[in-house]
Amino acid sequence: GGMVDHGGVVKALAEKIGAAVIPTVAAKGAVPDSHPLCLGSTLSLPPTQELLRSADVVIAVGTELAETDSWIDRLPITGKLIRIDIDPATLTRDYPPEIAILADGATALTALLAAMPNGSRSQIDRAELARIRDGILPSLPPLQRKHARVLDAVRAALPADGMVASDMTQIAYTGCYYFRSERPRCWFHPLGYGTLGYALPAAIGAKLAAPERATVALAGDAGLLFTVQELATAVELKLPIAIVLWNNDALAQIAEGMVEKGIPEIGVRQRNPDFIKLGKAFGCHTVKPTSLARFKAALATAF
């Protein structure tokens, strides 16, 4: 995330030394997902974790290597780790480095790029990176494939510079690694604390900051209810935000975790309101699309 506005120097260095680029979710789009050396924000996927395990050197710039990016206790970094960060505490947090460089990430990488001799290239296999990227969709389980179809529809309806503010909800967890981003600051997710209710107020803030850009709030039913009163704010300010509600009448990720651990499901199957009526009560335009085509049309109308 510390390099979100400095993807150019990341890309230049990766091309010069032939290295793979794995942006964290906070840096999604800093290096375009379409770049042949970029694996997107896929630290949570086993093939990317195995690639990381095979690396002789990992350069971590402007990142705390947070658990919310990988969804595992510890990333399998077995090679030498170089950490570059402006925050001294982050330099040695969780993953002690071989080399720690206290510096602004963009400044440090620019200097490294200049110092690196031409012809010093690693043996990264671009075809292997392409196989990892192309294997994401076929490897998804049924629920995540359903998420992917909806996310593809959002991507098709959203302009290249459109913004998505996502909540702590399963479709957003899929979107963190699946949703394609070619530009930075287009996908916002509550990393770190994992704050429920983030999507709607974040989308309002994003739309106020960049009113010319199409904006989506992507929330689950429980997450939306944490901050649903902000619908009044969006209506008062006449903000054309598309609020996409993924409603499974549950805190489903937590419910699945309880089932996996043999814990009784407690407090995860809440009684929801009629969201269509609730939206209308706040003065919102509401629709419940019955197909992906109608969903894309509804997004276009909302923008």
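Modeller: Two residues are in contact here when heavy atoms of theirs lie within 4.5 Å, and the structure we are discussing is a predicted model.

Biologist: With which residues is Val 164 in contact, leaving aside its neighbours within four places in sequence?

Modeller: Val 164 is listed with Trp 187 and Leu 299 among the residues that have the most contacts inside the largest nonpolar core, a set of 26 residues. Once neighbours within four places in sequence are set aside, the contacts of Val 164 are Val 154, Leu 158, Phe 179, Cys 186, Trp 187, Phe 188, Val 216 and Leu 218.

Biologist: Which element gives the largest share of this core?

Modeller: Two or more residues come from each of α7 (142-157), α8 (170-178), β6 (215-220), β7 (242-246) and α14 (292-302). The largest share amounts to six residues, and the element that supplies them is α7.

Biologist: Which residues does the second, separate core include?

Modeller: This other core is made up of 19 residues. Among them are Ile 17, Leu 51, Val 61 and Leu 109.

Biologist: Is α1 roughly parallel or roughly antiparallel to α5?

Modeller: The axes of helix α1 (residues 7-17) and helix α5 (residues 105-115) come within 10 Å and cross at roughly 30°. Angles under 35 degrees count as roughly parallel, and therefore the relation of α1 to α5 is roughly parallel.

Biologist: How do the residues of the contact of α1 with α5 divide?

Modeller: From α1, Val 9, Val 10, Ala 12, Leu 13 and Lys 16 take part, and they meet Ala 106, Leu 109, Thr 110, Leu 112 and Leu 113 of α5. Sorted by type, these residues are eight nonpolar, one polar and one charged.

Terms used
Residues numbered from 1 in each chain as written. Predicted model: local features only at pLDDT ≥ 70, side-chain atom pairs only at ≥ 80, totals over all residues. Heavy atoms only, no water. Axes fitted to C-alpha atoms, helices over the stretch in contact; angles between N-to-C directions. Helix = DSSP H or I, 4+ residues; strand = E, 2+ residues; numbered from the N terminus. Parallel < 35°, antiparallel > 145°, perpendicular 65-115°, else oblique. Nonpolar A, V, L, I, M, F, W, Y, C, P; charged D, E, K, R; others polar. Core = buried A, V, L, I, M, F, W, Y, C linked by side-chain atoms within 4.5 Å. Buried < 20%, exposed > 50% of the residue type's maximum accessible area, 1.4 Å probe, protein only.
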